[in-house]
Amino acid sequence: TPPPRLTLPPTVALSAKARGKQPASASQRIVFAPAPEALVVIAFNTLGLRDHDDATRDEWAVAAEVLASADVLLLSEVPPAALRKRVPTLKAQLEAASGVTWSWLHSLPCTGGAVGGKVEHHVALAKAPLELAASQTLSSIGGCKLDYGLFTVRVEGHALACNGEVMDVVLSSLHMPPAKRASMRDRQLERLLTQYPQQADARLATPFGAHAAHEARRPFCAHALLGDFNRHPGELLTPEWRALIPRAAATSGGGGAYDNIVVSADTAERANCSWEVLRLDHYANARTGQKGISDHAPVQLTLKSIGSGGYAHRAR
């Protein structure tokens with residue numbers, strides 16, 4: 001018995017004949033475009049990047065497997081001693097988990113606290129083929145000292161775009177004063193949010209906003225401030241900014257919404273911006289003696305290209 005013949009509708013058969021090849025099966029036809037290019041950034045207050053016992057060291061090894069899924073890591077509350085051993089160890093763990101090379105930069109030493117005696121660094125790590133093309137440490141802005149500074153990096157090697165037009169990306173890691181110094185915290189944050197758009201030297205001389213980029217004939221630049229705000233920044237935002245993480249999303253062991261991602265308003269209009277809180281199973285708590293890698297949860301920003309173009313998929 002001869003096998004049954006597949007009879008195509010006339011329009012499909014004619015189209016296939018005109019192309020001079022057989023029509024593709026339904027499973028071979030392309031319906032949706034490839035997933036848009038994405039850039040994943042995780043910011044984490046590391047509580048000193050401690051490895052004071054075997055349990056914490058083991059937890060950091062497990063955490064590195066999750067953190068390695070990011071493209072860029074921004075770490076805060078890293079003491080000077082951790083730069084010599086703990087950061088290289090974490091870098092090696094990230095490379096083992098991801099199978100690719102990571103590069104890293106750190107901020108200048110930054111002081112904070114009521115008497116300004118505590119010294120911390122910010123650390124940025126980038127997964128190849130991404131590069132940290134430029135960086136700077138900002139210790140004050142608009143005449144106002146910033147506790148623990150602002151560490152700003154420009155990321156290259158991605159393919160983010162809006163309607164086919166490539167964009168730059170500038171990320172900043174921050175760590176604001178705690179609630180017991182609320183007035184100083186709010187003053188610093190308010191000054192940062194108002195002055196950053198106005199001071200080119202605060203953002204690596206990149207344009208802020210679509211209009212500024214157009215006037216300078218430069219690519220649009222996505223700007224994001226990430227880290228431990230020690231409050232929800234909503235009430236202090238100017239029209240130039242958007243906070244992505246809502247107040248209902250706790251980011252600390254005590255249930256506070258302290259960590260956040262603030263993007264420029266034009267970034268929210270030209271990229272698909274999404275967020276996630278990577279909640280820990282347990283949080284360090286000095287008062288109760290609970291050990292852990294941090295008393296804060298990492299927060300994750302995902303930027304994706306939108307519109308036509310910008311869909312050059314990069315293998316992860």
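This is a predicted model: local features need pLDDT of at least 70, side-chain atom pairs count only at pLDDT 80 or more; totals for chains, interfaces and linings use all residues.
Residues are numbered from 1 along each chain as its sequence is written, and side-chain values use heavy atoms, with hydrogens and water left out.

Strand 5 spans residues 118–127, and eight of its ten residues are buried. Buried means under 20% relative accessible area, against over 50% for exposed and in between for partly exposed, with a 1.4 Å probe and protein chains only. Strands (E, at least two residues) and helices (H or I, at least four) are DSSP runs, numbered from the N terminus. Two strands pair if DSSP finds at least two bridges between them. Strand 2 (residues 72–78) pairs with strand 5 in the antiparallel sense over five bridges; valine 72 has alanine 126 as its bridge partner in strand 5. Strand 3 (residues 102–106) also runs antiparallel to strand 5, joined by five bridges, and here histidine 106 is partnered by valine 123. Strand 4 (residues 110–112) is antiparallel to strand 5 over three bridges, with glycine 112 opposite lysine 118.

Rings of Phe, Tyr and Trp (its six-membered ring) pair if their centres lie within 6.5 Å; planes under 30 degrees apart count as stacked, over 60 as edge-to-face and the rest as tilted. By this rule there are four aromatic pairs. In one, the ring centres of tyrosine 196 and phenylalanine 208 are 6.0 Å apart and the planes stand at 75°, so the pair is edge-to-face. Both residues lie in the loop between helix 5 (182–195) and helix 6 (210–216), twelve residues apart.

Tyrosine 283 lies in the loop between strand 13 (272–277) and strand 14 (299–304). Its relative accessible area is 17%, so tyrosine 283 is buried. Leaving aside residues up to four places away in sequence, tyrosine 283 touches residues including Thr251, Gln290 and Ala297, where contact means heavy atoms within 4.5 Å. Tyrosine 283 and alanine 297 are 14 residues apart in sequence and 8.2 Å apart in space, C-alpha to C-alpha. The side chain of tyrosine 283 also reaches the backbone nitrogen of leucine 280 at 3.3 Å.

Technical notes: A polar contact is a pair of N or O atoms within 3.5 Å; within protein, one must be able to donate a hydrogen and the other to accept it, and residues adjacent in sequence count only if both atoms are side-chain atoms.
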